[in-house]
Amino acid sequence: MKENVLSATVFTLLLFLNTCLLNGQLPPGKPEIFKCRSPNKETFTCWWRPGTDGGLPTNYSLTYHREGETLMHECPDYITGGPNSCHFGKQYTSMWRTYIMMVNATNQMGSSFSDELYVDVTYIVQPDPPLELTVEVKQPEDRKPYLWMKWSPPTLIDLKTGWFTLLYEIRLKPEKAAEWETHFAGQQTEFKILSLHPGQKYLVQVRCKPDHGYWSAWSPATFIQIPSDFIMNDTTVWISVAVLSAVICLIIVWAVALKGYSMVTCIFPPVPGPKIKGFDAHLLEKGKSEELLSALGCQDFPPTSDYEDLLVEYLEVDDSEDQHLMSVHSKEHPSQGMKPTYLDPDTDSGRGSCDSPSLLSEKCEEPQANPSTFYDPEVIEKPENPETSHTWDSQCISMEGKIPYFHAGGSKCSTWPLIQHNPRSSYHSITDVCEVAVGPADAPATLLDEAGKDALKSSQTIKSREEGKATQQREVESFHSKTDQDTPWLLPQEKTPFGSAKPLDYVEIHKVNKDGALSLLPKQRENSRQPEKPRAPENSKEYAKVSGVMDNNILVLVPDLHAKNVACFEESAKEAPPSLEQNQAEKDLANFTATPSKCRIQLGGLDYLDPACFTHSFH
Amino acid sequence: MNIKGSPWKGFLLLLLVSNLLLCQNVAPLPVCPGGAARCQVTLRDLFDRAVVLSHYIHNLSSEMFSEFDKRYTHGRGFITRTINSCHTSSLPTPEDKEQAQQINQKDFLSLIVSILRSWNEPLYHLVTEVRGMQEAPEAILSKAVEIEEQTKRLLEGMELIVSQVHPETKENEIYPVWSGLPSLQMADEESRLSAYYNLLHCLRRDSHKIDNYLKLLKCRIIHNNNC
């Protein structure tokens, strides 16, 4: 039974559907509201697109409700907007309020609803095009002729009260041209055009838009014929300007041709090249570092990449007959805030670049010849230095100021490195200079590079002396530990006799005797010195007494009375060179009976003097 | 004595009466009670500046809303949740030209000031929250920052205008309070996006309102309804 009922129902439904299909009658398709526009912010209109007809007369109705209301309304006006539209009059239009509207299509067979549309009149504003566009050619007597166009705003827009604000845009083109020339006219209702082609027929159009909204359509085109006698006065002016400038150009070209080279030289002075003896720029270009270095006298320099660490103030200790101490103002490094003491010890101070063995040994002949004068008050020295070490200047300048303590007019040579810096400063200078010349280096060089880097970095922190010294001391250790392998590249150049006044010598520990005496091999020259005064041993362990000099310029040191020293010396032979230099420095400081303990900071077995302490002692 | 006193009395009386009569004939409150032509020019400049600012602020708000919608919420029906979501809807703002023309000048100005004041806090929180977002959209953040800045300037300008046009106006700090911060910070992304959408939607609308009102007032006050 159930099956029968079921099948009967299905049958009738199908029959019904068939009859409908045969008749071509269906419920209407889904309509869609596709556009709403307000021309003046006081009324608006919405248009919908009907769905499929269904073959029967279909009624459409638009229903809406507004934000903040619950009541549903129907469209007040289906006619004004044309077919399938709904027009909302002034009393039905509210700004800043969302309308939720929907179209309902109904026919005999059924009805269908469109989707809900959320509309805010604020954002659907699009005015009509401007009206009454008039264009004319005006040719005032004593002024240039121009095209004058004028229009009026579309109707129904209230500009007077400021409810609506319109902005205009015009465009024109010669009749046959393809591209329009567009001009924005702002809120004004007139416009002037000055540049026109005489004898042509122009089309002009205008459109408008609200301050916030859509552009209107373009107004219908207005035609205007430009008379042939429309003179462009500008052209004569431009022609004369062009002729004048051509004449001037010719004159300039002629003058340049006559005095070409000298002018060019005047404007573009030749760039000075590096004046390093033995420096061959071509080798540098080719990248043959070995050849270049050998030409320069260096060997296998590792590159260090950061020169800015070399903001270090070096205290140079000189071995001159005067043996006087001077304070030096380092003007190049005010940030350091130090006044390194001018010492004239014998050897161990690195006299900056000039005394470095290697590169500019020849160049530094003059300063070396007169050590005392060279290391006289820096104030006097400075002017001298540029001449004597101008090569350094140029070279150092070519380093792009990356080694600031080098440049600035020869002061680098008169820069006085800190005592403990001396060995390294020379090395660093060599390193850096040669580095610049060479470029990237290979493995052995990198060791030095790292040491150099660390040293450089440490030297940069010179502001806190203790800290700096500590690091420096460490660096010296590490440096020397590495440089031992790199001895070959430190070319001993000046093997002056024992006891010469030449400063800045580094020594290398040759061997350590069983009783703790060190035999030293000077790296540059011998650092044979007077026996050193025994020091009040706080933690000192580095001062040794030179017991004698062997042949080959090897120094034999005996440790101090204190066993500590012995132990210390035996500990790290590497510390000896700086220690020895320290010895010499301190020997020269014999004038000062008391070295304040704070002046000596010991780290890692090295004892360094703080030049500032000596300064205090001086004053 | 009497002879001396009475002419003086009469003279004083005459003076008093004439003053009263003159006071009655005085013109309606001038635009610049302080007098002087210089004041008129200053007010015009103030209004021009205010209109430029309000126009700019609405452009920025519109762009910010469009970018936000395009990027996060397009086609997801968030607009349905914006019904009655603006915190300034309690203010009696005119909604068409006729209503706007019926409001008196003083109320109109204080209405604008109230709307501006009520947006100080939401804008501040908008900037803070957008800035604190992971992958904060730079375009939206920069606009929010700019809108916040310019709205403050506009408020200052409006207060200046009010002090010139209606100097006797008492400082009335009442304005609708925004309490949407918790919804901007919600964990659920859908709710949070909806909160932002509402905020930007309301900002776009209110900035358009202020722009329109100021243009109306400018034409009314400066150009005497003859723009």
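**Sheets of chain A and their surroundings**

Modeller: Strand β14 of chain A, residues 201-210, is joined to β15(A) by four bridges, and the two strands run antiparallel. This is a predicted model, and what follows is computed from it. Within this pair, L203(A) has F223(A) of β15(A) as its bridge partner.

The pair belongs to an open sheet of four strands in chain A, with the order β12-β11-β14-β15 and antiparallel pairing. Its edge strands are β12(A), residues 181-186, and β15(A), residues 222-225, each of which pairs on one side only. On average, neighbouring strands of this sheet are turned by 25° against each other, direction ignored. As background, strands of a sheet pair through backbone hydrogen bonds, in either a parallel or an antiparallel manner.

Chain A also has an open sheet of three strands, ordered β9-β10-β13 and likewise paired in the antiparallel sense. Here β9(A), residues 131-138, and β13(A), residues 190-193, stand at the edges with a single partner strand each, so one side of each has no neighbour in the sheet. Six bridges connect β9(A) with β10(A), the strand of residues 146-152, in an antiparallel pairing. In that pairing, V137(A) lies opposite L147(A) of β10(A).

Chain A is in turn in contact with chain B: 25 residues of chain A meet 30 residues of chain B. The area buried between the two chains is about 2,500 Å², and carbon and sulfur atoms give 52% of that area. On the side of chain B, E95(B), K97(B) and R205(B) supply 27% of the area that this chain buries against chain A, more than any other three residues.

The axes of α5(B), residues 120-132, and α8(B), residues 189-221, come within 12 Å and cross at roughly 135°. That angle makes α5(B) oblique to α8(B). The crossing of α5(B) past α8(B) is left-handed. From α5(B), the contact is made by P122(B), L123(B), L126(B), E129(B) and V130(B), and from α8(B) by Y196(B), L199(B), L200(B) and L203(B). Classed by residue type, this contact of α5(B) with α8(B) has eight nonpolar residues, no polar residues and one charged residue.

Key:
Residues numbered from 1 in each chain as written. Chains lettered and ligands numbered in written order. Predicted model: local features only at pLDDT ≥ 70, side-chain atom pairs only at ≥ 80, totals over all residues. Heavy atoms only, no water. Pairing = 2+ DSSP bridges. Axes fitted to C-alpha atoms, helices over the stretch in contact; angles between N-to-C directions. Parallel < 35°, antiparallel > 145°, perpendicular 65-115°, else oblique. Left-handed = near helix turned anticlockwise from the far one by under 90°. Contact = heavy atoms within 4.5 Å. Nonpolar A, V, L, I, M, F, W, Y, C, P; charged D, E, K, R; others polar. Buried area = accessible area lost by both parts, 1.4 Å probe.
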